[in-house]
Every structure is written in structure tokens, then in C-alpha cells.
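Open the model in your viewer and keep the selection tool at hand. This tour goes from stop to stop, with something to select at each.

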Amino acid sequence: MAGVRLEEWSQAERAEAAGKLMLGWVGLLWLIEAVDLATGHALDAYGIIPRTTDGLTGIPLSPFLHFGFGHVASNSVPLLVLGFVAALGGIRRFLALSAVVVLVDGLGVWLVSASNTVTAGASGLVFGLFGYLLVRGFVERRVLGVLVGIAIAAYWGAGILTGILPANTAVSWQGHLFGLLTGVACAFLLGRRTANSSRWRPRQSPSGTRGTCPRTG
């Protein structure tokens, strides 16, 4: 096996990748809603239906489904912005974060939401990204991250607090709350891993490669 040079992406490359990912993600939500409209809103039934076996399929599907274009529009900007900022830290980390938020948030909604309801929308993920970015900088002790968290709190904080109040029956406050808590938990878990990995790094060899092994075969 020959030695392989491991080069980190530049900030411009990270930003470009994050931007393309989130634009594609939000574009997909609008496309799915267009299909839903064309089928007479047949896709709405695939959201999370609490405490039913069929409703479990809505856990991975619900973040991509919405109840009309107004619903999509309300989630598009925060998802685009918060997703872009989170993805700047690494695409794989962002995808892992999103998967955990969707899974835990969906299970929470499935367990505690009112019976005979259907929950759908990307807002649970939005709240998860908000919680993650809110505390990530403090956990990792990075000034830029702290400033990002403060800016996000100042801009979206009031809406987030309103969205998790049980009195707001117009939205799934359960999905918002579980998403927020999961995002905060992920910030602590991923932040600790980042801190631990930064304490040990492979010694750079003179040739500029980080790791080589003898050529075999």
C-alpha cells in the first residue's frame, strides 16, 4: 500500500460544498411538495403517526414532507442558513448530526404526540441545528463558534422559545423541543470528540505524508 497524502479542504472548498448541499436539500423539499400537490396531498399521510407501527416510517420521511408551500417556505431559510453554517464544520459530521436529530426527534414525536395526528416538516431538524450551533462554540471553546451561537440566538431565539411552548397548538412543539434538546446533546458529544482528537495528531513525515506503509504485492 503506497503512502497517501491527506490534504484538508480549504475554507472556500468547504463553503462551496456546504452551499451546494443545502441548496440541493432545500430544493428537494420544494420538489417533494410539488409532487405532493400534484398527487392531491397523498404524501401527507407518510408523516409521523404517534404510537402506530405504520407511523414509524414517518420518522425518516417526515423532515422531507410539508403541509403546503407556506410550510416549506417557513422552514427553507432557517434550514438553509443553519445547515450551511453547521456543514462548514464538515459534511460527514453534518450528515451524522442531521441523522441523529431526525431519528431521536422522530422517536420523541412518535412517543408523546397526541393520538390521531400526523406530524411532518423540517422544523425539528431546524431546531436541532439551532441547538447544536448555539452551544457548539462554548463546548469547543472557540471564539468564532461562540460568536456564531450568540448571533443565532439573537436572530432566532424568540421564535425558538415560542416554538417549544406547549400552549402553541398550531405546531408540533414536541418535535421542536426534542429537536432542540438533541442538537444541544450532539454539540456536547461531537465537541468532546473534537477536543480529544485535537490532542493527538500523527507526526508529519519529512515527505509531507501523514502515514505510509511498505508497498506489498
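The stops below cover the core, the aromatic rings, a surface patch and a loop. Keep in mind that this is a predicted model.

**Stop 1: the core**

Select L79, L82, L129 and Y132. In the largest nonpolar core, which has 31 residues, these four touch the most other members. Now colour by helix. Helix 1, helix 3, helix 4, helix 5 (123–140), helix 6 (143–163) and helix 7 (173–199) each give this core at least two residues. Which helix supplies the largest share of this core? Helix 5 does, with eight residues. As background, nonpolar side chains tend to be buried together in soluble globular proteins.

Stay on L129 and show its surroundings. Neighbours within four places in sequence are left aside here. The contacts of L129 are then L79, L82, G83, A86, F94 and L97.

**Stop 2: the aromatic rings**

The structure has four aromatic pairs. Select W30 and F69 to see a stacked one, with 5.7 Å between the centres and 20° between the planes. W30 sits in helix 1 (residues 11–38) and F69 in helix 3 (residues 69–87), so this pair ties together parts 39 residues apart in sequence. Is W30 buried, partly exposed or exposed? W30 is partly exposed, at 34% relative accessible area. F69 is also partly exposed, at 31%.

Move to Y155 and W156. Their ring centres lie 4.8 Å apart and their planes meet at 80°, so this pair is edge-to-face; the cut-off for that class is over 60 degrees. Y155 is exposed, with 65% relative accessibility.

Next, select W25, F64 and F94. Together they form one aromatic cluster.

**Stop 3: a nonpolar surface patch**

Pick out V100, which belongs to helix 4 (residues 91–112). V100 is partly exposed, at 37% relative accessible area.

**Stop 4: a loop residue**

Finish at T119, in the loop between helix 4 and helix 5. Is T119 buried or exposed? T119 counts as buried, with 15% relative accessibility, since the cut-off for buried is under 20%. Which residues does T119 contact, leaving aside neighbours within four places in sequence? Show G47, I48, S62, V109, S113 and S172 around T119.

Terms used. Residues numbered from 1 in each chain as written. Predicted model: local features only at pLDDT ≥ 70, side-chain atom pairs only at ≥ 80, totals over all residues. Heavy atoms only, no water. Phe/Tyr/Trp six-rings, centres within 6.5 Å; stacked < 30°, edge-to-face > 60°. Helix = DSSP H or I, 4+ residues; strand = E, 2+ residues; numbered from the N terminus. Buried < 20%, exposed > 50% of the residue type's maximum accessible area, 1.4 Å probe, protein only. Core = buried A, V, L, I, M, F, W, Y, C linked by side-chain atoms within 4.5 Å. Contact = heavy atoms within 4.5 Å.
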